[in-house]
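Me: I would like to learn how to read a few features from a structure. Could we go through them one at a time?

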Amino acid sequence: MSVSRAILPWAHRSGAYALPTSLLVRLKLGEVPAGIPAALDVRRKAASPAGSTGHGALDRVVSSFGSHVQVSRLHAAARALRNVGARNMGYSEEEEVSGIARVLRFDVAEGTHVGSLAISLMQLDLVESAIPNYITTVGLDGPDMPRRPSGDDDGWDPRDLVNARRALAYEGGDASVIVGVVDSGLALEHPEFAGRLRHGYDTVQLGKGELAGGVALLGDNQGADTNPTDRYVGHGTGCAGIIGGCGSEMPPGLGGDCRMLPLRALGAARFPGRDAAVGVGALSDLDMALVMAAQLGAKVINCSFGTEDDALEPGAPKPHAEAVAFATARGCALVAASGNSGDDHIYWPAAFPDVIAVGSVALDRSVSSFSTHGKHVALCAPGERVRTASLDGYQSATGTSFAAPFVAGAAALLVARANTRAAALDPATIKSLLIDSAQPHRGDVGPGNGAGVLDAARALELLDQALDADETTELGGADDG
């Protein structure tokens with residue numbers, strides 16, 4: 001899970017690959033003209049993009065690069081998602097304040113140096129951020145690849161490491177709790193997902209010629225639709241099995257009876273010299289999926305992808321900032337893989353304070369050699385040889401991408417438990433419970449790997465203790481009155 005460093009002709013000075021003809025620009029509050037359509041409507045040909053922003057200084061900067069521009073609002077308004085052709089109407093205060101209502105997608109002419117254009121736009125007072133439309137890949141960096149199907153797990157069920165059986169006996173989950181899986185899509189007809197899926201969405205929009213030479217796009221990579229099927233990659237299917245699999249021919253998902261909302265934000269591509277398909281996603285598509293997951297009711301979102309900080313332009317805005325702020329404001333807990341660099345590194349969205357960053361441990365509770373560490377990592381979970389679903393059956397998966405779903409499943413159980421107690425649970429409390437309940441690391445584990453190893457059962461017990469204490473306090477207050 002990383003930004004691709006394949007062939008990078010459109011980056012400014014950094015090592016990040018960006019689409020050659022688009023960038024994302026966030027304007028200050030009150031500066032976005034009402035008439036700019038939502039990208040969903042433009043993609044579905046229900047509206048035409050704007051030819052300018054209406055801001056003279058901004059439009060002059062764009063034209064100085066010799067660029068014809070098409071402008072749309074990256075995110076639709078939640079209350080207008082069903083209003084085809086008018087999804088740019090009625091943004092809420094949360095959507096305005098978080099910034100998602102103010103993010104514009106600029107599609108510019110071929111040959112435009114989008115990195116330099118972004119830097120120039122950042123000099124304008126009305127612009128809060130401008131960033132190239134970076135590309136993220138999954139399945140390109142070794143351990144974060146779905147492994148070959150295997151029935152030989154050496155007798156090890158990594159779910160025992162996180163007390164999954166005891167947790168599911170304690171709290172079986174709640175079908176009203178939705179977990180967003182923003183990834184490469186799912187094998188929707190897989191038997192492990194029977195009765196476990198909500199209707200999802202496909203936000204992938206990658207055009208021919210937008211990737212480096214020799215990279216071949218596979219399958220559906222254009223437009224936007226309601227079919228989040230993955231036929232080539234399998235990354236999202238593996239993550240979803242760990243969260244909400246039925247347990248037909250593998251251990252059940254840790255989220256129990258939760259329902260999963262599949263968001264296909266990573267398309268499929270084949271890179272030179274590689275046989276396996278790779279998940280490829282633009283920043284715009286990932287952010288659109290994150291926001292839609294929150295708008296459609298997800299209480300937890302699994303983010304097994306990341307954008308490497310060192311690959312970005314120095315001082316550039318951080319990817320996914322508006323989407324993370326919005327989802328958190330909506331009460332949605334975000335869980336992200338820490339990365340597979342094997343060193344102290346920063347990936348976004350994992351490094352945002354509101355996000356729960358997850359590293360990987362092995363059977364013996366040692367930290368996996370590939371697991372990215374740093375002070376932002378909250379805790380670890382099993383990320384080696386995890387039996388889970390695949391496109392054509394089952395697989396043994398390795399990588400922090402497959403550690404994060406354990407924590408997402410545990411978070412879903414916490415929300416379900418709170419529901420049974422008629423209590424609300426905010427993202428900060430979920431993160432605190434998971435950290436406070438973690439099993440301490442082995443003595444030889446160094447710093448930067450979080451509080452320890454996930455203990456889903458203990459997290460549920462801590463939640464009940466906190467709710468019991470709250471009820472006692474309330475009763476005491478009533479008696480005193």
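Me: This is a predicted model. How many disulfides does the count come to?

Reply: In general, a disulfide is a covalent bond between the sulfur atoms of two cysteines. The rule applied here asks for a pair of cysteine sulfur atoms within 2.5 Å, and by this rule the count comes to 0 disulfides. Take Cys 239, which is in no disulfide: the nearest cysteine sulfur belongs to Cys 303 and is 10 Å away. Cys 303 is in no disulfide either; for Cys 303 the nearest cysteine sulfur is that of Cys 332, at 8.3 Å.

Me: Are Cys 239 and Cys 303 buried or exposed?

Reply: Buried means under 20% relative accessible area. Cys 239 has a relative accessible area of 0%, so Cys 239 is buried. Cys 303 also has 0% and is therefore buried.

Me: Which residues does UniProt list for "active site"?

Reply: The unreviewed UniProt entry lists Asp 183, His 235 and Ser 401. These residues span 219 residues in sequence, yet no two of their C-alpha atoms are more than 10.2 Å apart, so they gather at one spot.

Me: Where in the secondary structure are Asp 183 and His 235 found?

Reply: Asp 183 is in strand 6, which covers residues 178-183. His 235 has its place in helix 6, residues 235-244. Asp 183 counts as buried because its relative accessibility is 0%; His 235, with a relative accessible area of 0%, is buried as well.

Me: Which residues is Asp 183 in contact with, leaving aside neighbours within four places in sequence?

Reply: Contact means heavy atoms within 4.5 Å. On that basis Asp 183 is in contact with His 235, Gly 236, Cys 239, Leu 263, Arg 264, Ala 265, Leu 266 and Ser 304.

Me: Now a loop residue. Where does His 75 lie, and what does His 75 touch?

Reply: His 75 lies in the loop between strand 3 (69-73) and helix 3 (93-98). At 3% relative accessibility, His 75 counts as buried. Not counting residues up to four places away in sequence, His 75 touches Tyr 91, Ile 100, Val 103, Asp 287, Met 288 and Val 291.

Me: Last, a helix. Which residues of helix 8 are buried?

Reply: An α-helix has 3.6 residues a turn, so residues three or four places apart point the same way. In helix 8 (residues 321-329) the buried residues are Glu 322, Ala 323, Val 324, Phe 326, Ala 327 and Thr 328. Helix 8 is followed by Gly 331, which has a positive phi near 80 degrees.

Definitions and conventions. Residues numbered from 1 in each chain as written. Predicted model: local features only at pLDDT ≥ 70, side-chain atom pairs only at ≥ 80, totals over all residues. Heavy atoms only, no water. UniProt positions renumbered as here; feature names shortened; annotations may be inferred. Helix = DSSP H or I, 4+ residues; strand = E, 2+ residues; numbered from the N terminus. Buried < 20%, exposed > 50% of the residue type's maximum accessible area, 1.4 Å probe, protein only.
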